[in-house]
Amino acid sequence: MQQLKDARSKKKLKASRLLAWKSSYNREESRGYERRFYQGSSDHRGVPEKPGRVVTLLENAEEKVWGIAYEIAAKDIPSVIDYLDFREKNGYKATWVNFPFLRKLTGFIKGYERRFYQGSSDHRGVPEKPGRVVTLLENAEEKVWGIAYEIAAKDIPSVIDYLDFREKNGYKATWVTFHPQDTCHDPFETKLYIATPQNEFYLGPAPLTEIANQILHSKGPSGTNYDYLLNLAQGLRDICSDVKDDHIFQLEVLVRKGLSNTASSCPLS
């Protein structure tokens, strides 16, 4: 969760964005989920031949889950992420929706393509060594898959303030038509943040091997740049098994190759 009870300032959150989530105690709440003992455990509370059960969270728009949010110092974020990724490796994945919502829909927008052309000096890199994050570029022949979130009317002002702050480094808001995957829902207008080529943080195109090397060796307050890429690639597969996004998946292959190379300081080829 991005909000703490002591109402820390946005200035401090800029320096330390990761709040690790432990959903076991009653201090902070996460809305839209319920806690259930539905996950098997063969490495913590059981063994392979006799697994135990541990909790997971299931989406339920009518419920909320209490727990504790931990703020992590910027310098400790990479090591904490590595530890949590290893600890939760058996079936768990990270999620980062840091605002309240009523429901979410999978779908796509037309006329855009997703590219790792935006520089990141405040999330996945630092000013002296920026990382790369995605933006959308106009392309009439393409479409981009993603998730649209419905926000309750009472929460819209605070969510917009949060998103405007989070996307401040080069992104601007625009409205696009979202086409739900479930055709029971009609297309609707949704707000989207795009970093245009005119912003000062825009890095633009480069050979895929060069982009992959930059992603492989960059990290910032929100974690490693390669985690951002790998989570994005897996997230796309999760929402649509036959999604087509060659740019993302080709970069994923190159970065995984670099991670598996013990001499990872060598350039990718």
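Me: Which residue in E5 does Glu113 stand opposite?
Reply: Strands here are DSSP runs (E, at least two residues), numbered from the N terminus, as are helices (H or I, at least four). This is a predicted model, where local features need pLDDT of at least 70, side-chain atom pairs count only at pLDDT 80 or more, and totals for chains, interfaces and linings use all residues. Residues are numbered from 1 along each chain as its sequence is written, and side-chain values use heavy atoms, with hydrogens and water left out. In E5, Glu113 stands opposite Leu137.

Me: How many bridges join E4 to E5?
Reply: Two strands pair if DSSP finds at least two bridges between them. E4 and E5 run antiparallel, and the number of bridges joining them is 15.

Me: How many of the 18 residues of E4 are buried?
Reply: Buried means under 20% relative accessible area, exposed over 50%, and partly exposed in between (1.4 Å probe, protein chains only). E4 is mostly covered, and its buried residues number 14.

Me: How far from buried Arg132 is the nearest side chain of opposite charge?
Reply: Lys and Arg count as positive, Asp and Glu as negative, while His and the chain ends are not counted. A salt bridge needs a side-chain nitrogen of Lys or Arg within 4 Å of a carboxyl oxygen of Asp or Glu. Arg132 lies in strand E5 (residues 131-150). Arg132 has no salt bridge, and the distance to Glu210 is 5.0 Å.

Me: Which residue has its backbone oxygen 2.8 Å from a polar side-chain atom of Arg132?
Reply: The side chain of Arg132 also makes a 2.8 Å polar contact with that of Gln214. The backbone oxygen in question belongs to Phe116.

Technical notes
A polar contact is a pair of N or O atoms within 3.5 Å; within protein, one must be able to donate a hydrogen and the other to accept it, and residues adjacent in sequence count only if both atoms are side-chain atoms.
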